[in-house]
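Visitor: I am new to this structure and would like to learn how to read it. Please take me through a few features in turn.

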Amino acid sequence: YGMAKGRFNFRIENKSLTFKNLPESFDGFKIVQISDIHIGSFLGHEGQVQKAIELVNDQNPDLLLFTGDLVNNFTEELNGWIPILNKLKAKYGKYSILGNHDYGDYFDWKNDAEKEKNLEDLIQAQKELGFRLLLNESEEIELNNSKIALIGVENWGLPPFPQYGDLNQAMNQSEKLPFKILMSHDPSHWDAEVIKNTDIDLTLSGHTHGMQFGINIGNVKWSPVKYKYPRWAGIYQEGNQYLYVNRGFGYIGFPGRVGMPPEITVIELKKA
């Protein structure tokens with residue numbers, strides 16, 4: 001079941017989050033998050049991906065945020081996919097970051113130049129997909145003369161995952177803005193550097209896939225991945241700061257999902 005249907009059974013997860021410091025103009029602002037596309041795993045399943053993209057667009061996002069792992073290892077996995085993936089739409093823009101798989105770290109390249117070319121090609125592909133890729137930098141999202149900060153870091157994970165992310169550099173242009181959203185692929189970054197050390201209001205992550213296996217019924221939420229990532233799926237709160245961990249769009253390794261369907265997250269921001 002997990003291979004035949006589970007990996008294509010996309011689920012919409014709706015969340016409404018309330019913040020005192022959210023500018024009035026952004027009350028009701030809708031963010032759609034997708035993560036971990038792993039497009040190389042979908043070869044031969046173009047129709048299923050097209051349906052999922054239509055489902056994303058049906059949510060009418062104000063902002064579309066992709067939190068990394070576009071490919072498994074190689075930019076060439078995107079061959080033939082760009083005309084499908086670039087149909088993703090959002091009213092105020094599409095933004096992305098890199099995940100651990102996007103750097104090509106899991107392949108034994110002939111030389112450094114070949115690996116660097118793979119990453120350069122991936123960065124160019126993000127532009128062709130219509131995404132503004134944030135590489136340790138921030139953007140201002142403006143609506144009715146009010147602004148919020150969107151911050152994107154490169155992958156930052158606990159060892160053995162590399163730490164390309166530089167949060168201080170990424171936040172450099174955002175200090176004056178009253179409300180901040182961070183895209184960081186690996187949720188362990190939230191505990192290590194975000195909570196208590198920054199005034200980032202909402203962090204969006206992915207990476208865990210919910211291990212593509214678990215129980216997710218009502219208030220029961222369990223997966224073996226919890227033993228490696230205590231914050232592995234859904235919403236978490238510490239004080240006034242929130243983390244949302246998306247369960248992933250695609251899959252890698254096991255070509256299926258059991259009890260852990262692929263996810264499209266819809267977050268509505270509300271003014272307290």
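Guide: We can begin with a pair of strands. Strand β2 (residues 30-34) and β3 run parallel and are joined by 4 bridges. Helices (H or I, at least four residues) and strands (E, at least two) are DSSP runs, numbered from the N terminus. Two strands count as paired if DSSP finds at least two bridges between them. This is a predicted model, in which local features need pLDDT of at least 70 and side-chain atom pairs count only at pLDDT 80 or more, while totals for chains, interfaces and linings use all residues. Residues are numbered from 1 along each chain as its sequence is written, and side-chain values use heavy atoms, with hydrogens and water left out.

Visitor: Which residue of β3 does Ile31 stand opposite?

Guide: Strands of a sheet pair through backbone hydrogen bonds, either parallel or antiparallel. Here Ile31 faces Leu63 in β3. On to strand β4 (residues 94-96): β3 is joined to β4 by 3 bridges, and the two run parallel. In that pair Leu65 is opposite Tyr95 of β4.

Visitor: What is the order of the strands in the open sheet?

Guide: The open sheet has 6 strands in the order β1-β14-β2-β3-β4-β5, and its pairing is mixed. At the edges are β1 (11-19) and β5 (132-133), each of which pairs on one side only. Lys30 has Glu268 as its bridge partner in β14.

Visitor: Are the two faces of β3 covered or open?

Guide: Both faces of β3 (residues 63-66) are covered. Leu63 and Leu65 on one side, and Leu64 and Phe66 on the other, are all buried. Buried means under 20% relative accessible area, exposed over 50%, and partly exposed in between (1.4 Å probe, protein chains only).

Visitor: What do β2, helix α1 and β3 make together?

Guide: They make a right-handed β-α-β unit, with α1 at residues 46-58. A crossover is right-handed if, with the strands pointing away from the viewer, the path from the first strand over the helix to the second runs clockwise.

Visitor: Which residues of α1 are buried, and why do they line one face?

Guide: An α-helix has 3.6 residues a turn, so residues three or four places apart point the same way. In α1 the buried residues are Val49, Ala52, Ile53, Val56 and Asn57. Seen down the helix axis they fall within an arc of 140°, so they line one face of α1. The arc is that of the directions from the helix axis to the C-beta atoms. The face turned away from this buried side carries the exposed residues Lys51 and Asp58. Among the elements that cover the buried residues of α1 are β2, β3, α2 (82-85) and β14 (263-271).

Visitor: How many residues are in the largest nonpolar core?

Guide: A nonpolar core is a set of buried Ala, Val, Leu, Ile, Met, Phe, Trp, Tyr and Cys residues joined through side-chain atoms within 4.5 Å. The largest one has 32 residues, and Leu70, Leu78 and Leu85 have the most contacts inside it. At least two residues come from each of β2, α1, β3, α2, α3 (112-128) and β14. The most come from α1, with 4 residues. A second, separate core of 24 residues includes Leu65, Ile141, Leu150 and Phe179.

Visitor: Where is Phe42 found?

Guide: Phe42 is in the loop between β2 and α1. Its relative accessibility is 0%, so Phe42 counts as buried. Leaving aside neighbours within four places in sequence, Phe42 is in contact with residues including Phe8, Trp81 and Gly250. Contact means heavy atoms within 4.5 Å. The C-alpha atoms of Phe42 and Gly250 are separated by 7.7 Å, although these residues are 208 residues apart along the chain.

Visitor: What should I look for in the backbone?

Guide: Most residues other than glycine have a negative phi, and most peptide bonds are trans. Asp69, which is not a glycine, has a positive phi of about 70°. Asp69 lies in the loop between β3 and α2 and is buried, with a relative accessible area of 1%. His207 also has a positive phi, near 80°. The loop that holds His207 runs between β9 and β10 (215-217). As for the peptide bond from Pro159 to Pro160, it is cis, with omega near 10°. Pro160 is placed in the loop between β7 and α4 (167-170).
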